[in-house]
Amino acid sequence: MAEVFTAFLTGTFNENARIPMLSGDNYAEWKEKVLFTLGCSDLDLALRVDELHIPTESSTPAAKANYEWWEGSNRLSLMLIKAHISQSTRGSIPERDKVKTYMKAIDKQFVSCDKALASTLMKTLSSMTFDRNRTVHEHIMKMRDIVAKLKSVEVDMSEPFLVHFILN
């Protein structure tokens, strides 16, 4: 388990799975890559399963092994996640000792950021005008880029809606 974690941190894993540092405008991509990385490395147990009961002396060896696996998954998942959050962003997220509750705290923190970003992007898109400083193609591509960013924060823009904005 530790070898896989080291491979992710050092970047020796597939380049497509590289996790970006979390900032305000890349939360959706960051979360997707974190979950993908944890799943591929089989470290996502603590995210999928509630905390197991702490084994006692009378617990079976299988129960003890399962708890150790869960505990390792929780610890390494927290380490991986925190390693990919900038210090300034990490300060605004309440500290948690369980990865599942930590991810919920991060979700809660960035839901409002996503709404604000979506609002800003919509305002930018609706106020864009062709000013002849660039080609029509560049102007349309800029608008499509904004629409792609809106989709990343789960605001779906239909193709006819985009065509309407472009024509206006």
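This is a predicted model: local features need pLDDT of at least 70, side-chain atom pairs count only at pLDDT 80 or more; totals for chains, interfaces and linings use all residues.

Mentor: Let's start with α2, which spans residues 27–40, and α4, which covers residues 61–83. Their axes come within 11 Å of each other and cross at roughly 145 degrees. As for handedness, α2 goes past α4 in a right-handed crossing.

Now for who touches whom. On the α2 side you'll find Trp30, Val34, Thr37 and Leu38, and they meet Ser77, Leu80 and Ile81 of α4. Sort that contact by class and you get five nonpolar residues and two polar ones, with no charged residues.

Follow the chain into the loop between α2 and α3 (45–48), and you'll come to aspartate 42. Its backbone deserves a look: phi of aspartate 42 is near 60 degrees, a positive value in a residue that isn't glycine. Is aspartate 42 buried, exposed or partly exposed? Its relative accessibility is 40%, so aspartate 42 counts as partly exposed, given that this class runs between 20% and 50%.

There's another positive phi to check, at arginine 132, again in a residue other than glycine, and here the angle is near 65 degrees. Arginine 132 sits in the loop that links α6 (99–127) and α7 (136–152). With a relative accessible area of 70%, arginine 132 is exposed, because the cut-off for that label is over 50%.

Definitions and conventions: Residues are numbered from 1 along each chain as its sequence is written. Side-chain values use heavy atoms; hydrogens and water are left out. Axes are lines fitted to C-alpha atoms, for helices over the stretch in contact, and angles run from 0 to 180 degrees between N-to-C directions. Helices (H or I, at least four residues) and strands (E, at least two) are DSSP runs, numbered from the N terminus. A crossing is left-handed if the near helix is turned anticlockwise from the far one by less than a right angle, and right-handed if clockwise. Contact means heavy atoms within 4.5 Å. Ala, Val, Leu, Ile, Met, Phe, Trp, Tyr, Cys and Pro count as nonpolar, Asp, Glu, Lys and Arg as charged, and the others, Gly among them, as polar. Buried means under 20% relative accessible area, exposed over 50%, partly exposed in between (1.4 Å probe, protein chains only).
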